[in-house]
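Please take a guided walk through the chain shown below. Keep the sequence at hand as you read.

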Amino acid sequence: MTTPAPVTTFDSLSLNPSLLNNLTSLGYHQPTSIQTQSLPIILAGEDLIAQSKTGSGKTAAFGLGLLQQLDSKDFTIQGLVLCPTRELADQVAEEIRRLARQMPNVKVLTLCGGSNLAAQQSSLQQGAHIIVGTPGRIEEHLRQQTLSLSGLKTLVLDEADRMLEMGFQPAIEAILATLPTPRQTLLFSATFPDAIAQMASHVMHNPITIKVAIQH
Ligand code: ADP
Ligand code: MG
């Protein structure tokens with residue numbers, strides 16, 4: 001697979017009009033470096049390993065990918081974002097909701113430890129399209145069979161290095177074992193220790209690797 005070429009404007013991506021219009025209303029006039037490089041790959045459905053710094057706009061890169069492929073009439077979980085902490089999960093969920101503002105009825109649910117499990121279970125029963133959460137709590141819902149990921153299209157591992165540092169590798173592996181294939185896997189990390197490379201080699205399919213050194 002040749003790597004899809006970078007783009008310099010959001011317009012040159014085949015984004016659906018409600019996503020594109022909304023970017024303007026959010027004040028996102030130009031893609032950041034990571035978005036320029038990663039969006040063509042993400043929107044082509046390829047697996048991606050991306051290394052870039054905090055604050056570079058990674059959330060919108062994978063958020064636009066999740067939303068572009070979403071069928072909001074289908075109340076199945078289609079996207080899963082794993083984050084190291086509740087604070088990050090809340091920020092990611094908020095950004096995805098902002099990006100989806102002009103798309104009708106997109107349900108983004110956060111599932112993190114420290115919140116009431118039963119309340120999360122009843123939210124899950126009402127259906128969701130995208131789940132954002134921490135690996136431990138997601139694994140717990142899978143174990144209790146209150147969460148099904150059998151219709152998942154895209155898995156995002158956000159801040160993968162921090163998740164491994166925090167000891168989430170076993171939970172991530174347990175989650176991965178339940179996910180359908182083929183699916184798209186997107187991995188974002190600031191650093192690339194061997195453990196990340198090893199995990200990527202097991203769970204990804206011909207990933208394209210990009211590295212963004214400079215911020216926009
Ligand atoms: P990262 O995950 O890489 O640390 P974030 O996704 O949290 O970075 O984005 C950092 C900030 O940049 C957020 O406030 C976000 O709203 C903003 N942002 C993202 N993309 C753009 C863009 N294309 N134009 C302007 N601001 C952007
Ligand atoms: Mg981030």
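Leu 176 sits in helix 8. Helices (H or I, at least four residues) and strands (E, at least two) are DSSP runs, numbered from the N terminus. This is a predicted model, in which local features need pLDDT of at least 70, side-chain atom pairs count only at pLDDT 80 or more, and totals for chains, interfaces and linings use all residues. Residues are numbered from 1 along each chain as its sequence is written, while chains are lettered from A and ligands numbered from 1 in the order in which they are written.

The cut-offs are simple. A residue is buried if 20 or more other C-beta atoms lie within 10 Å of its own, exposed if 12 or fewer, and partly exposed in between, with C-beta atoms placed from the backbone. Leu 176 and Ile 41 are 135 residues apart in sequence, and their C-alpha atoms are 22 Å apart in space.

**Helix 8 and its surroundings**

Helix 8 covers residues 169-176, and Ala 171, Ile 172 and Ile 175 are buried there. These buried residues fall within an arc of 100 degrees seen down the axis, so they line one face of the helix. The arc is that of the directions from the helix axis to the C-beta atoms. An α-helix has 3.6 residues a turn, so residues three or four places apart point the same way. The buried residues of helix 8 pack against strand 2, helix 6 and helix 7 (160-165). Two residues count as in contact if their C-beta atoms, placed from the backbone, lie within 7 Å.

**Helix 4**

Helix 4 spans residues 86-99, which makes 14 residues.

Which residues of helix 4 are buried? They are Ala 89, Val 92, Ala 93, Ile 96 and Leu 99. They cover an arc of only 125 degrees around the axis, which puts them on the same side of helix 4. Their cover includes helix 1 (17-26), helix 3 (58-68), strand 2 (79-82), strand 3 (108-111) and strand 4 (130-133).

Arg 97 also belongs to helix 4. Arg 97 is partly exposed, because 15 other C-beta atoms lie within 10 Å. The C-alpha atoms of Arg 97 and Thr 191 are separated by 28 Å, and the two residues are 94 apart along the chain.

**Around ligand 1**

The shell around ligand 1 holds Tyr 28, Gln 30, Pro 31, Thr 32, Gln 35, Thr 54, Gly 55, Ser 56, Gly 57, Lys 58, Thr 59 and Ala 60. A residue belongs here if its C-beta atom, placed from the backbone, lies within 6 Å of the ligand. Helix 3 gives the largest share of the shell, three residues. By type, the shell has three nonpolar, eight polar and one charged residue. Ala, Val, Leu, Ile, Met, Phe, Trp, Tyr, Cys and Pro count as nonpolar, Asp, Glu, Lys and Arg as charged, and the others, Gly among them, as polar.

UniProt, in an unreviewed entry, places the feature "short sequence motif: Q motif" at residues 8-36. Over residues 8-36 the chain is 48% helix and 0% strand, and the end C-alpha atoms are 6 Å apart.

**Loops**

Some loop residues have backbone angles worth a look. Most residues other than glycine have a negative phi, and most peptide bonds are trans. Glu 159, between strand 5 and helix 7, has a positive phi near 55 degrees. Glu 159 counts as buried, because 21 C-beta neighbours lie inside 10 Å. Asn 206, between helix 9 (194-203) and strand 7 (208-212), has a positive phi of about 40 degrees. Pro 182 lies between helix 8 and strand 6 (184-189). The peptide bond from Thr 181 to Pro 182 is cis, with omega near -5 degrees.

| Residue | C-beta atoms within 10 Å |
|---|---|
| Gln 144, exposed | 10 other C-beta atoms |
| Asp 74, exposed | 11 other C-beta atoms |
| Asn 206, exposed | 7 C-beta neighbours |

Gln 144 lies in the loop between helix 6 (135-143) and strand 5 (154-157). Asp 74 is in the loop between helix 3 and strand 2.

Terms used: The expected span of a helix is 1.5 Å times one less than its number of residues. UniProt positions are given in the numbering used here, feature names are shortened, and annotations may be inferred rather than shown by experiment.
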